[in-house]
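Here are my notes on the entry you sent. They are set out as numbered points, to be read beside the sequence and the coordinates.

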Amino acid sequence: GGEAQDCELAPWSGWTPCDSSDQQHRSRQIRKIPSGGGEACTGDLEQTRGCGDRAMAEEVCTPGDWTDWQLCDRTCGGGQTFRTRLLAGGSECAGLNKMLSTIETSACNTAPCSLDK
């Protein structure tokens with residue numbers, strides 16, 4: 001019988017330019033198809049990653065602490081409150097907070113307003 005031939009993958013292509021949805025793609029080919037009981041090909045042939053501001057934020061910045069809950073916007077009858085989690089890290093992160101900060105909202109003061117004055 002012939003020698004066992006393991007799968008061999010070609011090196012990755014370069015990443016494509018960042019597209020309009022802040023993503024890049026790259027791919028690779030199978031260089032040698034396995035034969036004679038050789039190792040099968042494993043691993044992705046295509047990969048996608050974020051790029052641009054969002055990817056930079058994910059690499060450079062870490063999610064910071066949540067702020068305290070804001071004062072409820074109504075004293076009764078069901079209001080809303082919110083808190084924000086900003087990105088921690090370098091000055092780049094402060095600039096990205098407008099786009100990427102996380103906001104959590106919650107109902108508050110849900111008791112009905114009484115009519116007694």
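Which residues form a nonpolar patch on the surface, and with about how much accessible area together?

1. Nonpolar patch. The model is a predicted one, and the answer should be read with that in mind. The patch is made up of I30, I33 and L45, which together have about 260 Å² of accessible area. L45 sits in the loop between β3 (30-32) and β4 (46-50). Its relative accessibility is 36%, so L45 counts as partly exposed.

2. Three-stranded sheet. An open sheet is formed by three strands in the order β5-β6-β7, with antiparallel pairing. β5 (62-66) and β7 are the edge strands; each has a single partner, so one side of each has no neighbour in the sheet. On average, neighbouring strands of this sheet are turned by 30 degrees against each other, direction ignored.

3. Pairing of β6 with β7. Strand β6 covers residues 79-88 and pairs with β7 in the antiparallel sense over seven bridges.

4. Disulfides, overall. How many disulfides does a search of the whole structure find? The search finds three. They are taken one by one below.

5. C7 to C41. This disulfide has an S to S distance of 2.0 Å. The torsion about its S-S bond is about 100 degrees, so the link is right-handed. C7 lies in the segment before β1 (8-9) and C41 in the loop between β3 and β4; the two are 34 residues apart, and the pair links distant parts of the chain. Are these cysteines buried or partly exposed? C7 counts as buried because its relative accessibility is 18%, under the 20% limit. C41 has a relative accessible area of 29% and is therefore partly exposed.

6. C72 to C108. Here the S to S distance is 1.9 Å. The link is right-handed, with 85 degrees about the S-S bond. C72 is partly exposed, with a relative accessible area of 23%, whereas C108, at 13% relative accessibility, counts as buried.

7. C76 to C113. The sulfur atoms of this disulfide are 2.0 Å apart. With 105 degrees about the S-S bond, the link of C76 and C113 is right-handed. C76 is in the loop between β5 and β6 and C113 in the segment after β7, so parts 37 residues apart in sequence are tied together. C113 counts as partly exposed because its relative accessibility is 39%.

8. N109 lies in the segment after β7 (102-108). At 36% relative accessibility, N109 counts as partly exposed.

Notes: Residues are numbered from 1 along each chain as its sequence is written. This is a predicted model: local features need pLDDT of at least 70, side-chain atom pairs count only at pLDDT 80 or more; totals for chains, interfaces and linings use all residues. Side-chain values use heavy atoms; hydrogens and water are left out. Helices (H or I, at least four residues) and strands (E, at least two) are DSSP runs, numbered from the N terminus. Buried means under 20% relative accessible area, exposed over 50%, partly exposed in between (1.4 Å probe, protein chains only). Two strands pair if DSSP finds at least two bridges between them. Axes are lines fitted to C-alpha atoms, for helices over the stretch in contact, and angles run from 0 to 180 degrees between N-to-C directions. Patches are made of residues with over 30% relative accessible area and no salt bridge: like charges are joined within 9 Å, nonpolar side chains (Val, Leu, Ile, Met, Phe, Trp, Tyr) within 5 Å. Accessible areas come from the Shrake-Rupley method with a 1.4 Å probe; for residues, only the protein chains shown count as cover. A salt bridge is a side-chain nitrogen of Lys or Arg within 4 Å of a carboxyl oxygen of Asp or Glu. A disulfide is a pair of cysteine sulfur atoms within 2.5 Å.
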